[in-house]
Amino acid sequence: MAANKDTADDLSNEEDLEKALCVLAGSDPENCSYSRGYVKRQAVFACNTCTPNAAEPAGVCLACANKCHDGHDIFELYTKRNFRCDCGNSKFGEFKCQLIPILHFVCSQAKDEENVRNHYNHNFNGCYCTCDRPYPDTDDQADDEMIQCVICEDWFHSRHLGCTTADPEELQEMVCETCMNKAPVLWTYAAHFAVSPVISVSHAEEEEEVDVSEPSQSEHEEPSTSAEPTKQEEVANRSSPCKRTHEEMAGGPAKAASKTAACRLKDLQAAGPERPRHGAVFWPYGWRAELCTCVSCKRIYVTAEVQFLMDQSDTILAYEEKGLDEPFGQHPLMALMSSMDRVQQLEVIYGYTELTTSITAFLQQCVAEGKTVTVEAVHQFFEELRARKRRRTNAGYQ
């Protein structure tokens, strides 16, 4: 996922707008996700109005951002994995979740005071990258993009990744250098399956790009085997810039079964070559299917806390495809919203969701009570909606 700094707030391209909607469509806009436990992946937001303290970061689900924190100063964090909504817990002081109240003496719907399995970083305080700057950054006029690491889920400026990035329209999954070193076995896989690295090297305030991919046989300084270029070609063929379907990304069951018979990691380590352990690494969308899943390697992943890499449905691609399956992904409102900035788009999305939910509830109530839907009843319904909107707007400015 990348967002160009100059155009992030003006998604004029229909494809970009559709992707933005996918992030929200993959999450429940009406019901607090807390009752679902630690959700595998969902849209997460941070409220700077309610939890401004950097020492106590907190995140809320889409429904709570929409209803409990309407009109607040919200940080949109894209998606997070294995996260449970914090809205209304001890980090929020006297503020209570409007969807699932904190009732310390009751039943299953009571929220815990703290979600101990949630992982937080400086994103929850509106800061990103190794430079720890906000986004958008009014003090930074550089034309750059933000790219999310699939392991730590922090966002990085491409110029701070220590390597040259792929075209923004062709970005694949990225793992930052810190996370690569957190799970060093990934460097072995990177030598065989990742995009060939180009490391940025500084010389007296000048930067040059050095291609550190495997040299050809004609370059006698570093010996290489004749099989390696073929291997690189195979990887390139697998690394189509077009997004693949979840089935293609996951790989066939026969392929996965073959990797459990013996340790593929050991085979790759024996085959070589080594890859320089510098900079972020970009991977083709199907790279997770290449990971060995023998018992020994699974223990390595668990120790490094990256066991989710074995789960093909953990990817952003799988999550976005889920969003595309929702009717909202192709909604005609996309044409209207293409000329809006990001804040306006979110307001329209939230407003549309509230409107459709309210209309459904209104009609269901009429059916349940055996009432005829009259013109007067419809007018009264919309007047109540407008009054509710005015109350929220006024409360937001107090």
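Student: Where is the place of Arg 41?

Tutor: Arg 41 has its place in strand 2, residues 39-47. Keep in mind that this is a predicted model.

Student: Is Arg 41 buried or exposed?

Tutor: Buried means under 20% relative accessible area. Arg 41 has 7% relative accessibility, so it counts as buried.

Student: What separates the C-alpha atoms of Arg 41 and Ser 27?

Tutor: A distance of 8.5 Å. The two residues are 14 residues apart along the chain.

Student: How do I read a cavity?

Tutor: Start with the general idea. Rolling a probe the size of a water molecule over the atoms shows where empty space is left. Now the case here. The structure holds two cavities of 30 Å³ or more. The second largest cavity has about 40 Å³ of space.

Student: How much space lies in the second largest pocket?

Tutor: A pocket is an open set of points, whereas the probe cannot get out of a cavity. The second largest pocket has about 510 Å³ of space. Its lining has 19 residues.

Student: Which of them lie nearest the centre of the second largest pocket?

Tutor: Arg 81, His 119, Ile 151, Lys 182 and Phe 308. Strand 3 (74-83) supplies at least two residues of this lining, and so does helix 3 (177-182). By class, the lining has seven nonpolar, five polar and seven charged residues.

Student: What does the charged end of Arg 81 sit over?

Tutor: The ring of Phe 308, at 3.6 Å from the ring centre. Both Arg 81 and Phe 308 are among the residues nearest the pocket centre. Elsewhere, the charged end of Arg 117 sits over the ring of Tyr 38, 4.2 Å from its centre.

Student: Which side chain reaches the backbone nitrogen of Arg 81?

Tutor: That of Glu 153, at 3.3 Å. Glu 153 lies in the loop between strand 4 (145-148) and strand 5 (155-157). With 7% relative accessibility, Glu 153 counts as buried.

Student: How do I read an aromatic pair?

Tutor: A pair of aromatic rings is described by the distance of the centres and the angle of the planes. This structure holds nine aromatic pairs. Take Tyr 120 and Phe 124: their ring centres are 5.1 Å apart and their planes stand at 75°, so the pair is edge-to-face.

Student: Why is the pair of Phe 362 and Phe 381 called stacked?

Tutor: Planes under 30 degrees apart count as stacked. The planes of Phe 362 and Phe 381 are at 25°, so this pair is stacked, with ring centres 4.8 Å apart.

Student: Which parts does the pair of Phe 362 and Phe 381 tie together?

Tutor: Phe 362 lies in helix 12 (residues 342-369) and Phe 381 in helix 13 (residues 375-396), so the pair ties together parts that are 19 residues apart in sequence. Phe 362 counts as buried at 16% relative accessibility. Phe 381 is buried too, with a relative accessible area of 8%.

How values were computed. Residues are numbered from 1 along each chain as its sequence is written. This is a predicted model: local features need pLDDT of at least 70, side-chain atom pairs count only at pLDDT 80 or more; totals for chains, interfaces and linings use all residues. Side-chain values use heavy atoms; hydrogens and water are left out. On a 1 Å grid over the protein atoms alone, a cavity is a set of points where a 1.4 Å probe fits but cannot get out, and a pocket is an open set with protein on both sides within 12 Å along at least five of seven lines; lining residues have an atom within 4 Å of a point. Grid points are joined across faces, edges and corners, and a volume is the space filled by probe spheres set on the points. Helices (H or I, at least four residues) and strands (E, at least two) are DSSP runs, numbered from the N terminus. Ala, Val, Leu, Ile, Met, Phe, Trp, Tyr, Cys and Pro count as nonpolar, Asp, Glu, Lys and Arg as charged, and the others, Gly among them, as polar. Rings of Phe, Tyr and Trp (its six-membered ring) pair if their centres lie within 6.5 Å; planes under 30 degrees apart count as stacked, over 60 as edge-to-face and the rest as tilted. Buried means under 20% relative accessible area, exposed over 50%, partly exposed in between (1.4 Å probe, protein chains only). A charge sits over a ring if NZ of Lys or CZ of Arg is within 6 Å of the ring centre and within 35 degrees of the ring normal. A polar contact is a pair of N or O atoms within 3.5 Å; within protein, one must be able to donate a hydrogen and the other to accept it, and residues adjacent in sequence count only if both atoms are side-chain atoms.
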